[in-house]
Amino acid sequence: MNLKIIQHDINKEPFMSGSPDFNRKSILMQTEKSFKSEIINIVTLTALEKLFHIRISDHFERKNFSFLPGQFVMVHLPGCGEIPISISSSASNKEYIELCIRKVGKVTGMIHRLEPGAIIGIRGPFGTHFPVQKMTGANVLLIAGGLGIAPLRSPIYWINEHRSEYRDITIMYGAREPDQILFDYQFEEWKKIYGLQLLTIVQNAGMGWKGRVGLITDLFKEVRIDPENTFAIVCGPPVMFKFVCAHLSNVGIPRHRMFVSLERRMHCGMGKCCRCNVGSTFTCLDGPIFDYWTVMNLKEAI
Ligand SMILES: Cc1cc2nc3c(=O)[nH]c(=O)nc-3n(C[C@H](O)[C@H](O)[C@H](O)COP(=O)(O)OP(=O)(O)OC[C@H]3O[C@@H](n4cnc5c(N)ncnc54)[C@H](O)[C@@H]3O)c2cc1C
Ligand code: FES
């Protein structure tokens, strides 16, 4: 099938103009600058994932650093390389950012060997964000598979901090095995958020697991969705968001009200190296957050 590429630029949506700090111009002004930063704390989450608390060393730069949920930074490890990582913390935390990093290769492996006090570089923030301002007055479904919960924490913090502006909030989270569930120490705290429903599921239950077993799409049986007034944020591997978005579409949520994060290999993060392209679209500038309508119309996006 020959799909037509729709030139839909989420940055040109009216709701994006409410945050002048994050338009293209300001991103390009910041891109060259690598902020000297210190790892101030490390939380081991699982055998593969660690949560790093990172503080920009210079007081002035730290106070001026701001981002919106869904944006990412380039983490620079001198002599080793630089990688894109989604910011996993609250946008209102001006002291440090949190990055949840899975050990998969050269740079992530080296980062996992660092101790608190290590100095690294941070560039950014980059990319588009989840349009949380546009979601006010609506129900929000936050759906994550595996490591996808890391970028989702940021909109969860945002919604909690602006709780009265949103209606019902549902978090659906699926992991392969119980010991791969991330941030379970925060689940009780999240459940206390007014009007928030949290559902978790694993594919393969181990000994002692008393929760649900199955695929993330099985959770839809327990969720009531009002398609007229619901936005969805979906993060996880493409195979997962494909099935999840298909279900959401079947229940009547329009594709332009579903938002996904597209991950591609990135080098510059600023539209210069053409490493991250899907057709003529730069996932570092035009994404990584796209509405699903756009993703469906991007050839070879998923
Ligand atoms: C916008 C964005 C946000 C991201 N956020 C996070 C995050 O919050 N936490 C996190 O742990 N990771 C995140 N990633 C993925 C992360 O950037 C890669 O895992 C990292 O670049 C791997 O570097 P490496 O040198 O350790 O691996 P390499 O030695 O370069 O490669 C090891 C393996 O990882 C695969 N890989 C490398 N880069 C990517 C990529 N971008 N996407 C998928 N597979 C890749 C390679 O194909 C290879 O199989 C994000 C990627 C993008 C583009
Ligand atoms: S990462 Fe270089 S153009 Fe997107």
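This is a predicted model: local features need pLDDT of at least 70, side-chain atom pairs count only at pLDDT 80 or more; totals for chains, interfaces and linings use all residues.

Which element gives the most to the shell around ligand 1? And please go on from there to strand S11 and the strands it pairs with.

A: The element you ask about is S4, which gives five residues to the shell around ligand 1. In total, 23 residues surround the ligand, and the closest are Ile83, Arg102, Gly105, Val107 and Thr108. Strand S4 covers 81-86, and the other elements that give two or more residues are strand S5 (97-102), helix H3 (106-112) and helix H4 (149-161). Sorted by class, this shell has 13 nonpolar, five polar and five charged residues. Ligand 1 lies between domain 1 (31-126) and domain 2 (132-296), because both domains give residues to its shell.

Now let us turn to the sheet. Seven strands form an open sheet with mixed pairing, and their order is S10-S9-S8-S7-S11-S12-S15. At the edges stand strand S10 (212-213) and strand S15 (289-291); each has a single partner strand, so one side of each is left without a neighbour in the sheet.

Strand S11 sits between S7 and S12 in that order. With strand S7 (residues 139-145), S11 pairs in the parallel sense over six bridges, and here leucine 141 stands opposite alanine 232. With strand S12 (residues 258-261), S11 (residues 230-235) also pairs in the parallel sense, over three bridges. Along this pairing, alanine 232 stands opposite methionine 258, and valine 234 stands opposite valine 260.

How enclosed is S11? Six of its six residues are buried, so the strand is largely enclosed by the rest of the structure. Both of its faces are covered: one side carries Thr230, Ala232 and Val234, the other Phe231, Ile233 and Cys235, and all of these are buried.

In soluble globular proteins, nonpolar side chains tend to be buried together. This core has 76 residues, of which Ala232, Val234 and Val260 touch the most other members. Helix H4 gives the most to this core, with six residues, and at least three residues come from each of domain 1 (31-126) and domain 2 (132-296).

Finally, valine 234 deserves a look of its own. Beyond its neighbours within four places in sequence, valine 234 is in contact with Ile143, Phe241, Val244, Cys245, Met258 and Val260.

Notes. Residues are numbered from 1 along each chain as its sequence is written. Chains are lettered from A and ligands numbered from 1 in the order in which they are written. A residue is near a molecule or strand if its C-beta atom, placed from the backbone, lies within 6 Å of it. Helices (H or I, at least four residues) and strands (E, at least two) are DSSP runs, numbered from the N terminus. Ala, Val, Leu, Ile, Met, Phe, Trp, Tyr, Cys and Pro count as nonpolar, Asp, Glu, Lys and Arg as charged, and the others, Gly among them, as polar. Domain bounds come from an automatic or database domain assignment. A nonpolar core is a set of buried Ala, Val, Leu, Ile, Met, Phe, Trp, Tyr and Cys residues joined through C-beta atoms within 7 Å. A residue is buried if 20 or more other C-beta atoms lie within 10 Å of its own, exposed if 12 or fewer, and partly exposed in between; C-beta atoms are placed from the backbone. Two residues are in contact if their C-beta atoms, placed from the backbone, lie within 7 Å. Two strands pair if DSSP finds at least two bridges between them.
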